[in-house]
Amino acid sequence: MAPETYPWQDATLDPDTRARLVVAEMTEDEKFSWLSGPMAIPLGDTPKPDGALGSAAFYPGIDRLGIPAMQQADASLGISNLGNVRPGDNATALPASLLLGASFDIDMARQTGEMVGREARAKGFNVQLAGGANLVREPRGGRNFEYVSEDALLTGQIAGHSVAGVQSQGIVSTMKHFVLNAQETGRVMVSSDLSEPAMRESDLLAFQIGIEIGQPGAIMPGYNLVNGDYASENTFTLKTVLKGDWGYPGWVMADWGATHSTEAMRAGLDVQSGANLDPEPFFAAPLREAVADGRIPQARIDEAVARQLRSLFAVGAIDHPPAPGGSIDHSAHRLLAQRAAEGGITLLKNDGLLPLSKGAASRVLVVGHHADKGVLSGGGSSNVNPIGSFSTQGTDIMGMQVQRIFHPSVPVAAVRAESGAAKVVFEDGRDLQAACKAAREADLVLVFAEEWRSEGLDQSGLSLPEEQDALIAALAEANPETVVILETGGPVLMPWLAKVRAVLAAFYPGQGGAEAIAGILWGRVCPSGRLPVTFPASEAQLPHPAQRDPETTTSNPGMERIGEIFHVDYDVEGADTGYRWFAREGHAPLFPFGFGLSYTSFEYSALRVERRGRALEAQVAVTNTGKVAGAEVTQVYVSGQGLNRRLAGFAKTRLDPGETRVVVIPLEPRLFARWQDGWQIAAGPYTVCIGSDATAMRLCTEVPLPNQAFRP
Ligand code: BGC
């Protein structure tokens with residue numbers, strides 16, 4: 001058959017039909033070549049597979065059927081180049097997903113997703129292992145920077161729009177790590193235990209919303225177990241919920257080295273990824289035997305392959321295959337990374353010092369371990385390493401060195417460019433005396449504090465590492481005109497808070513991060529980030545204050561197992577993650593979820609909630625009552641009928657001084673409901689409020705709702 005006559009080339013057919021037509025022509029060998037594959041970089045005895053570009057995974061093309069190879073790369077923050085497997089190939093590094101969460105900006109999520117998709121396409125990748133959508137349940141979690149927030153709605157919306165952006169470029173995106181992948185310590189040994197109703201209302205809801213919006217072509221379960229079964233062979237999460245209740249049509253790919261059996265296929269796993277990290281080739285010869293002796297039906301094999309093909313067809317990855325060597329507008333992408341950072345960096349304290357006026361401080365001291373080199377990024381498979389990055393020793397993950405990378409956006413240079421100061425001096429802060437002397441001689445002290453987090457490694461405690469708390473306290477003592485900029489992968493304690501004049505949470509701000517920070521300090525940008533996670537006042541406030549010693553367990557696949565499977569009981573907080581736990585327990589956090597200051601002020605009036613069937617919509621007028629243009633994050637919270645206050649909708653609106661706009665915000669009905677074998681909304685009045693954060697309500701109204709039951 002000549003290629004142009006393949007029936008599946010008819011783009012008017014739906015993707016499932018096209019996929020089935022291809023599968024009907026495939027040989028068993030061809031099918032099995034898409035059911036398991038190694039990590040596609042040279043690793044130990046395994047060379048890079050022929051035809052692989054060099055990335056997380058490669059599945060060979062089927063030339064005779066006109067089906068391209070699958071080239072899969074990490075991840076949400078840009079295109080990774082693990083171990084420099086593609087020598088010299090670099091990409092744009094976006095801010096951490098947590099910072100995207102702080103922007104509360106679905107348009108920015110889409111635009112940055114599109115950027116990832118464009119770069120993936122230009123490099124020849126057709127599957128992007130993006131879409132981090134785990135809820136932040138453990139504030140010290142090593143991968144929180146790859147996730148969006150502690151809130152199901154914010155996480156689902158941002159992750160969903162980000163995935164939609166990637167896929168709009170004809171590239172499949174995953175959503176991961178499904179589900180309850182909350183900590184890195186013992187990530188291959190830990191069972192996240194949570195009862196079904198709570199799971200449906202929290203972690204599953206984040207994915208459900210994200211999947212509805214983004215329609216990711218693939219889902220990646222995590223390394224962890226869920227209620228005692230590995231996430232990669234969890235019949236409840238994969239078969240009952242994902243493929244059953246939600247009717248998910250895409251494929252489920254294991255995390256690398258996270259497949260534990262051939263029977264996983266029965267539970268809903270479609271592909272064994274990173275198979276060379278697993279103890280057995282479960283989805284190769286053993287799976288063929290299982291099919292031969294009838295333990296796994298042939299139809300299940302066909303389905304697993306068809307799911308992959310339909311997702312590739314659905315985004316256009318087969319009709320318009322990407323090829324390496326495409327051009328990338330690096331400067332436009334760098335600017336987008338900067339804009340994303342500008343929209344998410346969160347002003348936590350400002351006693352009137354900010355915004356600084358140009359030239360007002362003639363001698364500015366910049367302090368920070370690497371503030372003369374770049375801004376910090378998080379470590380692990382998601383890491384992006386643009387040209388000009390600076391690295392120091394990181395950690396070992398799965399036998400690979402993962403460096404600590406500082407993106408090429410240099411605080412000292414950005415401060416020089418933005419401040420108009422006659423002199424900008426730098427101290428790395430390792431010599432406390434020298435730093436304090438320089439602080440006394442300066443008009444303004446900017447401290448860039450760092451907290452490195454990485455895949456495979458949780459943060460121990462919530463304090464800034466490496467004596468930085470003492471450094472900040474001493475600098476503030478030496479010069480009260482001190483501002484702290486936090487480059488962290490999550491919340492940290494701030495024992496020096498009362499002594500400093502301003503604090504910015506910059507998370508990991510990416511390749512335009514320093515310019516974004518300087519832009520906010522000197523008022524070129526009006527800050528509009530809001531915290532996507534609660535900043536606790538102490539570890540004692542957390543649902544799980546104690547942490548397991550990482551030495552007593554195994555955190556990476558392919559490594560010898562230490563100790564037994566252990567359980568974390570997430571029913572302690574249940575569905576009440578983050579701010580909902582703090583409210584329930586009456587804990588006052590250091591800074592609440594949703595909190596962030598601006599250089600202007602906003603007023604609200606005329607709040608109304610309209611109901612059309614099950615759909616609910618809030619309308620409210622927002623006015624910029626200050627003197628500068630700025631963006632406001634309107635947060636709509638719901639409570640009542642026994643519900644703890646929950647974010648049910650949000651929007652970000654840019655307003656000129658004096659401008660008023662009526663903002664229309666759809667409210668998520670599932671956030672008015674409890675899960676009792678389906679969503680149940682209890683009849684009665686609900687209180688709907690505009691909050692400046694999760695703890696401070698500014699304007700409320702009541703909406704009566706009838707009893708309602710619905711699925712999924
Ligand atoms: C990570 C995944 C990643 C994969 C491939 C694993 O270590 O958990 O998120 O996509 O590696 O690099």
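Predicted model: local features only at pLDDT ≥ 70, side-chain atom pairs only at ≥ 80, totals over all residues.
Biologist: Let's start with helix 4. How does it pack against helix 5?
Modeller: Helix 4 (residues 106-123) and helix 5 (residues 152-167) pack at an angle of about 35°, with axes 6 Å apart. Helices (H or I, at least four residues) and strands (E, at least two) are DSSP runs, numbered from the N terminus. Axes are lines fitted to C-alpha atoms, for helices over the stretch in contact, and angles run from 0 to 180 degrees between N-to-C directions.

Biologist: Which hand is the crossing of helix 4 and helix 5, left or right?
Modeller: Helix 4 passes helix 5 in a right-handed crossing. A crossing is right-handed if the near helix is turned clockwise from the far one by less than a right angle, and left-handed if anticlockwise.

Biologist: Which residues of helix 4 and helix 5 meet?
Modeller: From helix 4, they include Ile 106, Ala 109, Arg 110 and Gly 113. From helix 5, they include Gln 157, Ile 158, His 161 and Ser 162. Contact means heavy atoms within 4.5 Å. The residues of this contact of helix 4 with helix 5 divide into six nonpolar, six polar and two charged. Ala, Val, Leu, Ile, Met, Phe, Trp, Tyr, Cys and Pro count as nonpolar, Asp, Glu, Lys and Arg as charged, and the others, Gly among them, as polar.

Biologist: Which residues of helix 4 are buried?
Modeller: Among them are Met 108, Thr 112, Met 115, Glu 119 and Lys 123. Buried means under 20% relative accessible area, exposed over 50%, partly exposed in between (1.4 Å probe, protein chains only). The cover over the buried residues of helix 4 includes helix 3 (97-103), strand 4 (127-128), helix 5 and helix 12.

Biologist: And helix 5 with helix 7: what angle?
Modeller: About 30°, with the axes of helix 5 and helix 7 (residues 203-214) 7 Å apart. Helix 5 and helix 7 are therefore roughly parallel to each other. Angles under 35 degrees count as roughly parallel, over 145 as roughly antiparallel, 65 to 115 as roughly perpendicular and the rest as oblique. The crossing of helix 5 past helix 7 is right-handed.

Biologist: What about helix 12 and helix 16?
Modeller: The axes of helix 12 (residues 330-344) and helix 16 (residues 513-521) come within 8 Å and cross at roughly 45°. That makes helix 12 oblique to helix 16. Their contact has three nonpolar, two polar and three charged residues.

Biologist: Switching to helix 11. How many of its residues are buried?
Modeller: 13 of the 18 residues of helix 11 are buried, so helix 11 is largely enclosed by the rest of the structure. Helix 11 is followed by Gly 316, whose phi is positive, near 95°.

Biologist: Where is Ala 317 found?
Modeller: In the loop between helix 11 and helix 12. Ala 317 is buried, with a relative accessible area of 1%. Beyond its neighbours within four places in sequence, Ala 317 is in contact with Pro 68, Asn 126, Gly 170, Leu 312 and Pro 322.

Biologist: Ser 173: buried or exposed?
Modeller: Buried, at 0% relative accessibility for Ser 173. Ser 173 lies in strand 5 (residues 172-176).

Biologist: Where are the cis peptide bonds you have?
Modeller: One joins Asp 74 and Ala 75, with omega about -15°. Ala 75 is in the loop between strand 3 (70-73) and helix 3. The bond from Arg 711 to Pro 712 is also cis, with omega near 0°.

Biologist: What is phi for Asn 84 and Gln 215?
Modeller: Asn 84 has a positive phi near 50°, and Asn 84 is a residue other than glycine. Asn 84 counts as partly exposed, at 44% relative accessibility. Gln 215 has a positive phi of about 45° although it is not a glycine. Gln 215 is exposed, with a relative accessible area of 57%.

Methods. Residues numbered from 1 in each chain as written. Heavy atoms only, no water.
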